[in-house]
Structures are given as structure tokens and as C-alpha cells.
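I opened my notebook to look up where charged side chains pair and where they gather. I wanted each entry to carry its own cut-offs.

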Amino acid sequence: RALELVAILGGWSVGVARDKLEFGGRNWQRNMPRRARDLLSITTRLGTTAIKIGQALSIRQDLLPAPYVQELSRLQDQVDQFPDAIAMQLVEKELRAAGLGGVDDVFSSFSRTPVAA
């Protein structure tokens, strides 16, 4: 997984660095919207942890330029739905791996459908 992260983020980072360094940084501003869209795509491809980090960054206008905040803010309410059946399988698997039994053994009530994204 670490190699995957390095490969994906490394390529994107090189592009951002080139934008900043080449031609006195003129490409930095021009390419920023495209790089922000690329980052959104990478974030969603990497999965739930990356999405949560992206959501947190999307409200930090003091840390990121506006195009990045704008694109990452899509993670607040425009993330593809995760299939309920797969989510339940993962929860069951983790609980059983921890020796706790299934969902019904651990929780007195457990909604089988999500209440939020």
C-alpha cells in the first residue's frame, strides 16, 4: 500500500513542483484548477481514509489555495455511495477478527443502512 501511495502521490507532487518551479512559477496559477481536480480524483481512488483527510482539508482555507478547497469540498456530499452489503461484511469481519462475534452479538441495535455519507 505504501508503494501505491508513493506512486500515485509522487506523480501528482512532481507535477505540482514543476508548475511551481518552471517558467518562474507561471504555470502554478494556471494549472492549479487541474491539479486540484487531479487531487480530488486521487483522493477518491485511495479510499475512505484519504476521503476523510480530504474532507478535513476541504474546510481549511488557511492551508490550501481556493481551487483545492473548492474541489475537495465535493467530498463533503458528493462521494459515491459505498455498497451497504460490503460495509456490513467488513464490519462483521473486523468484529470476528477481534474475537467479539458478529454485529448482533456486540450491538443491541445496528442500522443496516447508512444515516449519512
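This is a predicted model: local features need pLDDT of at least 70, side-chain atom pairs count only at pLDDT 80 or more; totals for chains, interfaces and linings use all residues.

Residues are numbered from 1 along each chain as its sequence is written, and side-chain values use heavy atoms, with hydrogens and water left out.

Entry one. I searched the whole structure and found five salt bridges, each being a side-chain nitrogen of Lys or Arg within 4 Å of a carboxyl oxygen of Asp or Glu.

Entry two. I looked up arginine 35, whose side chain meets that of aspartate 19 in a salt bridge at 2.7 Å, N to O. Arginine 35 lies in helix H2 and aspartate 19 in helix H1 (residues 2–21), so the pair ties together parts that are 16 residues apart in sequence; helices here are DSSP runs (H or I, at least four residues), numbered from the N terminus. Arginine 35 is buried at 13% relative accessible area, and aspartate 19 is buried at 5%, where buried means under 20%, exposed over 50% and partly exposed in between (1.4 Å probe, protein chains only).

I found glutamate 22 in a salt bridge with arginine 18, with the closest N and O atoms 3.1 Å apart. Glutamate 22 is partly exposed at 29%, and arginine 18 is partly exposed at 49%.

Conventions:
Helices (H or I, at least four residues) and strands (E, at least two) are DSSP runs, numbered from the N terminus.
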